[in-house]
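Subject: Structure handover

Hello,

Here is the structure I said I would pass on. My notes on it follow below.

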Amino acid sequence: MQIVHLSDIHFSEAYFVPEIAESMLQKINQLDPDIVVITGDLTENGFSAEYDGVKEFIDKIECKDKVLVPGNHDSKNAGYLHFEDLFENRFPTRNLGNVTVVGADSSQPDLDEGHLGRENYGWIKEAFSGENFKVFALHHHLVPIPLAGRENTVLVDAGDVLDLLNRCKVNLVLCGHCHIPHVWNLNNMLVVNAGTFCSSKTRGKTTQCFNLIQAENGENNNWNVRVSRVFPQGKLELVTETVM
Ligand SMILES: [Fe+2]
Ligand SMILES: [Fe+2]
């Protein structure tokens, strides 16, 4: 089972780099993933024209199961209304064979901080009640990562959300936001951040990239999980490999 995780497209005249987007698109379509997860900041300002542009781009990704959540930039200027029109739901749940993917909107209109909120904990617990490989997707960080600067990128209720996901035995958390690729392994739960997919908003010396997660159901119902990063020229770099 292959999951492609990309984030922070920032579709706009100012920041979207078409050549990089095109080469990344070709690479994804070659990989032929089972699921594509996009963790927000699809647009720069949440404007209607930006949403139309990014929708056209996302439609070129050849995968029938795409799970998307909005980021703080998508909720600017009441952009969450366009998100709902184009992508149906800001809190998507999908059961695909032996994989459950739950996405949640952690954005708050016109604020940069992320917040999930106690009102969402119950249905998330319910959605993860089975024995599947469990994936949770959100835009903001769940734990701090290096190079993020003065820490204001973590969900304001991160502690409670971490505890919830751990109790639900979530295998994989996918985040974006700060445009820094990073992986933490916390209590056998991989917390994977993505860099920016194809925008010029790279941070420090990072470059555009996306994540490839390969999970195989092995002996004793364990999962062998590999997380790799893929770069614009197609170079693939293995970041971590674990059994869970
Ligand atoms: Fe972003
Ligand atoms: Fe963001």
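A helix here is a DSSP run of H or I with at least four residues, and helices are numbered from the N terminus. The model is predicted, so please read everything below as computed from that prediction.

Annotation

The UniProt record, an unreviewed entry, carries the annotation "domain: Calcineurin-like phosphoesterase" for residues 1-181. Over residues 1-181 the chain is 28% helix and 18% strand. The end C-alpha atoms of that stretch are 21 Å apart.

Helix 3 and what follows

Helix 3 spans residues 80-87, and in it His82, Phe83 and Phe87 are buried. These three cover an arc of only 105° around the axis, which puts them on the same side of helix 3. Against which elements do the buried residues of helix 3 pack? Their partners are helix 2 (48-59) and strand 3 (66-69). Glu88 follows helix 3 and has a positive phi, near 75°.

Further along, Pro92 sits in the loop between helix 3 and strand 4 (93-96). Is Pro92 buried or partly exposed? Pro92 counts as partly exposed because it has 18 C-beta neighbours inside 10 Å, whereas a buried residue needs 20 or more. Leaving aside residues up to four places away in sequence, Pro92 touches Val67 and Gly103. Val67 is 25 residues from Pro92 along the chain, and their C-alpha atoms are separated by 6.8 Å.

One open sheet has six strands in the order 3-2-1-10-11-12, with mixed pairing. Strand 3 and strand 12 (236-243) are its edge strands, each pairing on one side only. Neighbouring strands of this sheet are turned by 15° against each other on average, direction ignored.

Within this sheet, strand 1 (residues 2-6) and strand 2 (residues 35-39) run parallel and are joined by four bridges. Leu6 has Ile38 of strand 2 as its bridge partner.

Strand 5 (residues 99-103) is largely enclosed by the rest of the structure, because five of its five residues are buried. In a regular strand the side chains alternate between the two faces of the sheet. Both faces of strand 5 are covered: Val99, Val101 and Gly103 are buried on one side, and Thr100 and Val102 are buried on the other.

Which way does strand 5 run against strand 4, parallel or antiparallel? The two run antiparallel and are joined by four bridges. Arg94 has Val101 of strand 5 as its bridge partner. Strand 4 and strand 5 form a hairpin with two residues between them, and Gly97 in the turn has a positive phi of about 60°. With strand 6 (residues 133-137), strand 5 pairs in the parallel sense over five bridges. There Val101 stands opposite Val135 of strand 6.

At strand 8, five bridges make the link to strand 9 (residues 189-193), and these two strands run antiparallel. Val183 stands opposite Val192 of strand 9, and the bridge partner of His182 in strand 9 is Asn193. The hairpin of strand 8 and strand 9 has two residues between the strands, and Asn187 takes a positive phi near 50° there.

The nonpolar core

In soluble globular proteins, nonpolar side chains tend to be buried together. The largest nonpolar core of this model has 61 residues. Which of them touch the most other members? They are Val37, Val135, Ala137, Leu165 and Val173. Not counting residues up to four places away in sequence, Val37 touches Ile3, His5, Val67, Val101, Ala137 and Leu174.

Some of these names came up earlier. Val67 is also in contact with Pro92, Val101 is one of the buried residues of strand 5, and Val135 is the residue opposite Val101 in strand 6.

Regards

Terms used. Residues numbered from 1 in each chain as written. Chains lettered and ligands numbered in written order. Predicted model: local features only at pLDDT ≥ 70, side-chain atom pairs only at ≥ 80, totals over all residues. Buried ≥ 20, exposed ≤ 12 C-beta atoms within 10 Å, placed from the backbone. Arc of directions from axis to C-beta. Contact = placed C-beta atoms within 7 Å. UniProt positions renumbered as here; feature names shortened; annotations may be inferred. Pairing = 2+ DSSP bridges. Axes fitted to C-alpha atoms, helices over the stretch in contact; angles between N-to-C directions. Core = buried A, V, L, I, M, F, W, Y, C linked by C-beta atoms within 7 Å.
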